[in-house]
Amino acid sequence: MNSLSRRKFLKISGATIVTAAALAGSAKTIVSAAESYAKPKGLQVIPSYCDLCFWKCGLLAYVKDGELWKIEGNPKDPLSNGRLCPRGTGGPGAHYDKERLKSPLIRKSERGEEKWVEVTWDEAFDYIADKMNKMKAQYGPESMALFSHGIGGSFIKHLLRAYGSPNETAPSFAQCRGPREVGFELTFGDVVGSPERTDIENAKCIVLIGSHLGENMHNTQVQEFSRAVEKHASIIVVDPRFSVAASKAKYYLPIKPGTDMALLLAWMSVIVNEKLYDVDYVIKYGFGFEQFAAEVSQYTPEWAYIETGIDPEVIRETAREMARYKPATLIHPGRHATWYGDDAQRSRAIALLNALLGSWGRKGGFYVPYSYSIPKYPYAPYPELNKEPLDNPNGRYPFATGEQISTGIREATISGQPYPIKGWFIYGTNLMQALPNRAETIKAIQNLDLMVVVDVIPSEIAGWADVVLPESVYLERYDDLNASPFREGFVGIRQPVVGAPNDQKPNWWMAKKLGEKLGLGAYFPWKDVEEYLDTRLNLAGHSLDELKKKGIIKGASKPIFFEDGVEPEFATPSGKIEFYSKQLEEAGFDPVPRFTKHAEPPSGYFRLLYGRAPVHTFSKTQSNPILADMMSENELWVNADLAERYGIKSGDRIKLKNQDGVVSDPIKVKATERIRQDCVYMVHGFGQKSRQLRSTYKKGASDAELVTKYNTDPLMGGTAMNVNFVTFEMEV
Amino acid sequence: MPRYGMVIDTRKCVGCQDCVIACKTENNIPEGYNRDWIITESNGKFPDIQMEIRTERCNHCSETPCVSCCPTGASHIHDVGGVVLVTHEKCIGCKACVEACPYDARFIHPDGYADKCTFCIHRVEKGQKPACVEVCPTYCMHFGDLDDPNSEVSKLLQSRKWHVNLPDAGTQPNIFYLV
């Protein structure tokens, strides 16, 4: 992308904005935005917050003569401390991406064939409103479900609630961090949340179990991890793959995949049997410790060795190492926790290990986060619901509390039970890569009367839609305020820094316009998003003008640790940290976690593991030209000896076939000493099949395509995906 | 006169390529080209692996084969900080410097001139740090005057073990890697 083509691009796009806005006769803000972006001279530095992942770091966008130049971190932002991650720094690529959706589309052939008619916004909204009105009349408003990821979905959520649907989900629960939240809530009465409440910076001992910080680029965590490395924190990494974090570790434990629970139980047995735990903390805050201790003390390191392959002496030594630094020992809860099917219990074991060391609520462990309080917009109450959400009928997964199970909605869409789901509204999530077993997703889609996708690029899921609505990227729009729970209270703004290049629109505008078509105008009493934001900020004693200038407003600081005066509170049934869980026992589950043996790959097959790269987010960023320049395809990590046995070498392209006969696209081999021989690994998000995204089409392979099998967590309905086995297909 | 250099802590670097991207946006580097890059070197047999990750770029050497081989004087040493630069207008794109650099730090820009890291001298002369240093989320990069014994970079070199790339090339590189 040289400066010449950039200038040309902007010149053309500037003209398009004005035309589009004039034609649509649409919101005044769009026109005025286009005017104000027309030709500002000189350098403007505009604060906003990032959308390259869900961390929402504060940024400063540099706009030179009306063209986006670069993006830096906002030094006032507590999440980024003025330093964005590589994706955030590559944010201009989201704006300049040549493959963006440009206008609303309506499907003109079979679903998934990606053949479209370009339509006006009015035509698109008429089409959607007509279907939604019919569905409401025939099946009730509950027949419409929303899949939404990220803060950008907040106005669409409002629209669907106003319409009367109780079904609203995101894959971030049942396909990602759900088991962790449930395991911690069962133990401490509270979730880990996002951003994670981990005090990595002050930890003297950090234990990462399958969590690959540094490759997984959650900004604040990586910054804190680096500071911990500098301060010579003792780092223990448990991973079948020698991760980047492993290279910083004092102890690297190359665990056999699927056996983490055995290691956790053995660690707890050493800590209990050698009385290395934080006795005062456990007595003061613990419930059921005696029963717990009796249960875990049976799991010797020698027993765990057989399961995990980790030397019993190393298990003892690392347990003692953790105890040495308590309570500033952080056993990191991870994030993507849907691995084997007993994941909520494994997460609970992680929570219990932290509880033994007294790290919850303590410096170097887990802080107690708080948010800057901004009142909600004073909307009229939503209509009364006809039906309960159907993601979890009869509380089949009794501890799936708080968030809905996306795969439960998919299942109900297929079965029509307990009531029909006839419409999917999808915002900002590529369900083709996010949900396991793609065939089920496609089957569900075939049952729909209406499928709407809002996206910035023609993603794989957009390819299956009836109507595709092109959204302006985060740099071109307002979104709702960000007041994430964190170490300190703050509120950040997302505001447009440049105009959208074509006929893309912000989600708030789509929600309002569609709402008006649906006769729900009363739920959108604000003239535009600026009025909405200003109203909310006024209620907190601020104004939009003020936040637009500052980018971030911080609140008064408060203590975040027990030792600094935070009152310990545990919202569990006992009001204490539940070493022994009666509610689990009463529901028929293990009150103290136990080890479950998981299936192992048959001969000639290898467990498929997947993870993150620092320069991409899921399958959302592969067409960003700056990030694609860093990494345009994924590689298959194969142990060097294993590769040699199979006669494959680095750079070869092979396909993978899974246990169900599904064959991947070709993927480049990375033969390496950095992984065990019983598993292979790839970065998630590649091998995309959208024919409209030519730059990403079949670049590398998709782990998601090979995840045809999944185990369901009986506690909370999470879909465990590390249970697929693959073999090598040499002929490409 | 200062002698600019970098001290990079390989213990902290995670190889995330943020430095590469920041350089790209700061300096408008075209697609397919980069002025800096990440090297991950691992040795040993699983699971006993040693690994070093480091961010590399022009070493702004004190002995400069890229300057001495340049037929037009385009490749030169800047009058501030000993920074090695290329005057685009004087460069004929003959690639002599590309060949001469033992670090493979130079490339021919699509517009026809030899290009490489400038230590973001346009920023440094305004009192800012190079873009790669300023962006690094691990704070592993340090920039400063190697001839000032009180500078951060000098102090780091005094207090930690370090190595340079290709010490035998005789180039006296000014980028140092803490181990």
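1. **Contact between the chains.** In this predicted model, the contact draws 35 residues from chain A and 31 residues from chain B. Two residues are in contact if their C-beta atoms, placed from the backbone, lie within 7 Å. Helix H3 (86-89), helix H8 (219-230) and helix H22 (625-630) of chain A each give two or more residues to the side of chain A that touches chain B. H8(A) supplies the largest share, 6 residues. Helices (H or I, at least four residues) and strands (E, at least two) are DSSP runs, numbered from the N terminus.

2. **Make-up of that side.** The residues of chain A that touch chain B split into 17 nonpolar, 10 polar and 8 charged. Here Ala, Val, Leu, Ile, Met, Phe, Trp, Tyr, Cys and Pro count as nonpolar, Asp, Glu, Lys and Arg as charged, and the others, Gly among them, as polar.

3. **Conventions.** Residues are numbered from 1 along each chain as its sequence is written, while chains are lettered from A and ligands numbered from 1 in the order in which they are written. The model is predicted: local features need pLDDT of at least 70, side-chain atom pairs count only at pLDDT 80 or more, and totals for chains, interfaces and linings use all residues.

4. **Helix H15(A).** Helix H15 (residues 406-415) of chain A has 7 of its 10 residues buried, so it is largely enclosed by the rest of the structure. A residue is buried if 20 or more other C-beta atoms lie within 10 Å of its own, exposed if 12 or fewer, and partly exposed in between, with C-beta atoms placed from the backbone. Among the buried ones are Ile409(A), Arg410(A) and Thr413(A). Their cover includes strand S6 (144-148), helix H7 (171-188) and helix H17 (438-446) of chain A. Gly416(A) follows H15(A), with a positive phi near 75°.

5. **Parallel sheet in chain A.** Four strands form an open, parallel sheet in the order S10-S9-S8-S12. Strands pair if DSSP finds at least two bridges between them. Strand S10 (251-253) and strand S12 (329-331) of chain A are at the edges with a single partner strand each, so one side of each lacks a neighbour in the sheet. Strand S9 (residues 234-238) of chain A is joined to S10(A) by 3 bridges. Val237(A) stands opposite Tyr252(A) in S10(A).

6. **Chain B.** Chain B has 6 helices and 10 strands. Its C-alpha atoms fill a box of roughly 50 × 40 × 35 Å along the principal axes. Of the 179 residues of chain B, 45% count as buried.
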